[in-house]
Amino acid sequence: MSEQNYSSNEVQLVVFKLGKEEYSVSILQVQEIKRITDITRVPHTPEYIKGVINLRGSVLPVIDLKKRLNLPQQVSTEDTRIIIVKVDELSVGMIVDAVSEVMTINQENIDSPDVVAGSVAASYLSGVGKLENRLLILLNLEEIIGVGQDAKVV
Amino acid sequence: MDTNQYMGMFLEESREHLQTLNSCVLDLENDPENLSVLSEIFRSAHTIKGMSATMGFTTIAELTHEMENILDLLRKGQLKASHDIIDTIFKCVDTLEQLVESVATNSESSIDSKPLIVKLKALAKGESVLPVAAKTTTKVIATEISSIELSDTEIAVIKKARAQGMQAYEVQISLREGCLLKSARSYMVMNALDEIGEVIKSIPAVEELEKENFALTFQVIVISGSEADKIQQTVLSISEIDKAVVLPCVLPAENNGQVIPEKPIEQTPKIQDEHEKTANVAVTAQPTTEKKNRSGQSVRVDIDKLDTLLNLVGELVINKTRLEQIGLTHKLTDLVETIEQMDRVTTDLQAVVMKVRMVPVGQVFNRFPRMVRDLSRDLNKEINLIIQGEETELDRTVIDEIGDPLVHLLRNSIDHGIEHPQDREEQGKNPIGEIRLIARHEGNNVIIMVEDDGKGINADVIKRKAVEKGLISQGEADAMDANEAVRLVFLPGFSTAAVVTDVSGRGVGMDAVKNKIESLGGMVDVETKVNEGSKFKIRLPLTLAIIQALLVKVSEEIYAIPLGSIDSTINIMPSDIKTVQNKEVILLRGQIIPIVRLANVLTIPESEHQQQEEELFVVIVHIGEQRAGIIVDNLIGQQEIVIKSLGKLLAGIKIIAGATILGNGQVALILDIGSLIQ
């Protein structure tokens with residue numbers, strides 16, 4: 001993640017929940033966090049594209065992050081949020097189960113994602129942050145949003 | 001000096017002045033004696049020169065400078081506006097355009113203005129009768145009345161000015177000792193005098209002033225409607241001016257006349273007040289300026305800002321709708337009343353914002369006279385271009401796109417429509433061809449027509465060519481009437497070089513024209529009569545950003561269908577649907593129309609969508625000649641919608657043309673009828 005160069009050795013992360021696991025993205029990629037609103041379904045799109053929302057007059061696509069990462073589904077709750085991220089000049093909303101906190105983590109505590117070969121495809125991950133008794137999975141948004149890749153309409 | 005921040009302004013203004021130059025030189029060509037047009041040209045050239053010199057674009061400044069010299073001679077009547085001169089000036093304008101564009105794109109300009117400058121100089125010398133006796137007079141500060149020798153034409157100009165109630169003054173200007181930038185100061189003086197009047201002569205000549213070929217004094221003859229002391233003050237307001245003497249200019253024949261004032265007005269900056277009373281030269285206070293024929297004041301705004309404004313207004317409307325809901329659910333009558341007021345304001349606001357985006361089509365049209373002139377000269381034809389309705393307003397986005405198709409149509413008319421003068425005469429037509437470019441409103445559309453009185457399009461020839469090219473069969477050709485046949489020119493593949501040269505010629509990229517117009521949501525059609533001319537008619541929506549649409553409901557989802565492609569809406573019973581070759585169709589007024597079930601096309605989950613047993617709503621749509629019926633669950637109503645893009649990630653969904661935001665803040669998708677019915 002190129003953003004890491006900005007601060008000396010630390011990165012700030014927005015931490016959120018998908019199911020029981022904790023995930024995070026660099027705060028520099030996050031534009032805003034929004035409560036869930038009406039989402040308009042768009043036909044002929046991949047299943048993980050939930051639809052489009054109205055963000056102050058602009059139409060914005062929204063991704064169901066759990067579907068994208070092949071995680072088990074859950075009904076939305078009071079805590080469900082849409083994180084609006086900007087990747088390569090493209091703003092996209094991601095539905096997450098809850099946003100927990102913003103935290104600073106030292107670069108040294110971030111491992112390569114290979115350590116947790118698990119449920120999520122490795123290419124979607126950019127690292128794993130180790131805290132005392134928690135594991136934070138850092139997401140590779142470029143890959144997840146897949147600008148110009150398989151996320152494109154079939 | 002960092003001039004970068006002025007770059008945008010420089011470019012915009014230069015382009016504007018170049019446009020003025022273009023149109024004024026055209027006027028001049030038709031009316032070489034017109035002094036006010038000449039002055040307008042001179043002013044524009046002068047402004048460009050000043051701006052480019054300030055910005056450090058010396059090539060532009062040099063060229064305009066030479067142009068100015070010629071223009072000056074023309075203005076003084078020492079040179080006649082011959083074809084050669086007009087052509088050279090046009091070339092200058094073209095070169096200037098290229099130079100300005102190369103500045104805009106920041107590219108190294110490979111444009112060589114030298115030959116033009118040489119040409120201009122030659123023109124100036126060749127026919128000039130300008131006296132070069134200036135140098136000897138430079139050191140003289142004349143305190144008596146007029147010491148400048150005037151040529152006959154200058155006298156004529158002065159007389160003419162007097163007839164209009166203006167006065168000619170001789171202004172003697174002394175610069176302060178030790179003045180460093182003499183040329184700059186003299187330039188500023190000239191500029192200042194140009195503001196309040198018209199400089200018709202200077203001693204030494206302007207070029208000499210600019211080369212600093214003078215001691216500390218110079219003289220200028222200026223025609224102005226202002227008072228003498230006003231002129232004096234104007235000059236003195238420039239720094240490093242030591243002295244300015246304003247004398248009424250006396251024509252040789254008048255030397256013993258009565259117009260001579262009691263005393264020349266002379267003053268230094270320090271003792272201005274004392275002398276104010278003496279300034280009683282008889283001058284009418286008539287304003288000098290017919291020059292400001294520009295309409296209204298305006299501000300340049302980035303279109304992105306307007307889009308943002310439009311979005312914000314949209315948001316406001318949405319929030320207002322929410323407030324309305326709250327008022328209704330909680331039965332707050334006060335709130336509801338206030339919101340009604342707000343409603344009116346927001347509606348007006350929205351209308352105003354939309355209007356702000358509109359610009360007159362004149363912006364596109366005004367480059368055509370020049371194009372028509374050049375082309376008709378190249379082709380040895382005489383053509384009169386008549387432009388009507390240039391004040392008709394269209395959305396900025398449409399304006400930007402409409403230029404190329406119109407150029408195409410005009411070129412076609414000039415090249416293939418209008419005949420050569422002798423051919424026209426043989427047919428008993430006016431040897432001067434006529435092309436009309438007309439714009440006007442028609443309901444929610446703008447119509448632009450390109451009409452010529454040329455030879456028209458021969459339907460039979462078109463048919464034959466189309467059959468030869470295998471675009472249609474002989475049978476189809478025979479069945480066509482003339483109008484249908486002529487429309488064949490819009491077919492892709494019809495436009496090839498062979499067609500252009502051999503036959504009537506129409507068809508240079510006509511399909512490109514049609515595509516462009518249709519991509520703008522418009523239509524193009526042609527009417528023609530052999531030997532009487534052709535008429536191309538373009539119908540365009542007022543704006544691309546807002547369209548009229550019919551909102552329909554399928555299951556719980558709302559979609560918008562552009563009204564432009566809707567024929568009608570009908571109700572049918574499920575039993576009315578027949579099957580032909582495994583395809584569902586209905587019969588409408590004797591026509592077989594294929595049916596599209598929107599719920600299926602949009603892959604709405606079966607569980608959410610139950611088949612209705614009663615009446616079905618069918619929206620009959622068309623694209624070109626093709627028709628289809630779209631079955632929807634419900635019709636919500638007609639509404640103006642603002643078109644928004646779905647963004648890069650979702651680009652490429654065929655049947656969705658875009659999205660719009662409804663009054664309640666929800667996003668609704670706009671259907672692309674073209675791909676839906678294929």
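How many helices and strands are there in chain B? Chain B has 22 helices and 23 strands. Both are DSSP runs, numbered from the N terminus: helices are H or I with at least four residues, strands are E with at least two.

This is a predicted model, in which local features need pLDDT of at least 70 and side-chain atom pairs count only at pLDDT 80 or more, while totals for chains, interfaces and linings use all residues. Residues are numbered from 1 along each chain as its sequence is written, chains are lettered from A and ligands numbered from 1 in the order in which they are written, and side-chain values use heavy atoms, with hydrogens and water left out.

## Chain B overall

Chain B has 678 residues, and 47% of them count as buried. Buried means under 20% relative accessible area, exposed means over 50%, and partly exposed lies in between (1.4 Å probe, protein chains only). The accessible surface of chain B is about 34,300 Å². Carbon and sulfur atoms account for 51% of that surface. Accessible areas come from the Shrake-Rupley method with a 1.4 Å probe; for residues, only the protein chains shown count as cover.

A contact means heavy atoms within 4.5 Å. Take the contacts in chain B between residues at least 6 apart in sequence: 71% join residues at least 24 apart.

## Salt bridges

Side chains of opposite charge can pair when their charged atoms come close. The rule used here for a salt bridge is a side-chain nitrogen of Lys or Arg within 4 Å of a carboxyl oxygen of Asp or Glu. Over all chains, the search finds 27 salt bridges.

| Glu22(A) | Arg134(A) | 2.8 Å |

Start with the salt bridge between Glu22(A) and Arg134(A). This pair links distant parts of chain A, 112 residues apart. Glu22(A) is in strand β2 (residues 21–26), and Arg134(A) is in the loop between β10 (125–130) and β11 (135–139). Glu22(A) is buried at 14% relative accessible area. Arg134(A) is partly exposed at 26%.

Glu29(B) and Arg373(B) are both buried. They belong to a network of salt bridges that also links Asp87(B), Asp94(B), Arg370(B), Asp374(B) and Arg377(B).

The pair Glu468(B) and Lys465(B) sits within one helix, α16 (residues 459–468) of chain B. The two are 3 residues apart, about one turn of the helix. An α-helix has 3.6 residues a turn, so residues three or four places apart point the same way. Glu468(B) is exposed at 55% relative accessibility, whereas Lys465(B) is buried at 12%.

Leu323(B), Ile326(B) and Leu332(B) make a nonpolar surface patch of about 220 Å². Patches take residues with over 30% relative accessible area and no salt bridge; like charges are joined within 9 Å, nonpolar side chains (Val, Leu, Ile, Met, Phe, Trp, Tyr) within 5 Å. Leu332(B) lies in the loop between α10 (303–329) and α11 (333–356) of chain B. Leu332(B) is partly exposed, at 38% relative accessibility.

Helix α11(B) has 24 residues and should span 34 Å at 1.5 Å a residue. The expected span is 1.5 Å times one less than the number of residues. The end C-alpha atoms of α11(B) are 35 Å apart, which agrees. Its buried residues are Ile339(B), Thr346(B), Val353(B) and Met354(B). They pack against α10, β6 (358–360) and β13 (546–554) of chain B.

## Where the chains meet

The size of an interface is often given as the accessible area lost when the parts come together. Chain A and chain B bury about 2,100 Å² between them, and carbon and sulfur atoms give 66% of it. Buried area here is the accessible area (1.4 Å probe) that two parts lose on being put together, summed over both. In chain A, Arg41(A), Asn54(A) and Val59(A) lose the most area to chain B, together 27% of what that side buries.

The contact takes 24 residues from chain A and 26 residues from chain B. Across this interface the rule finds 1 salt bridge.
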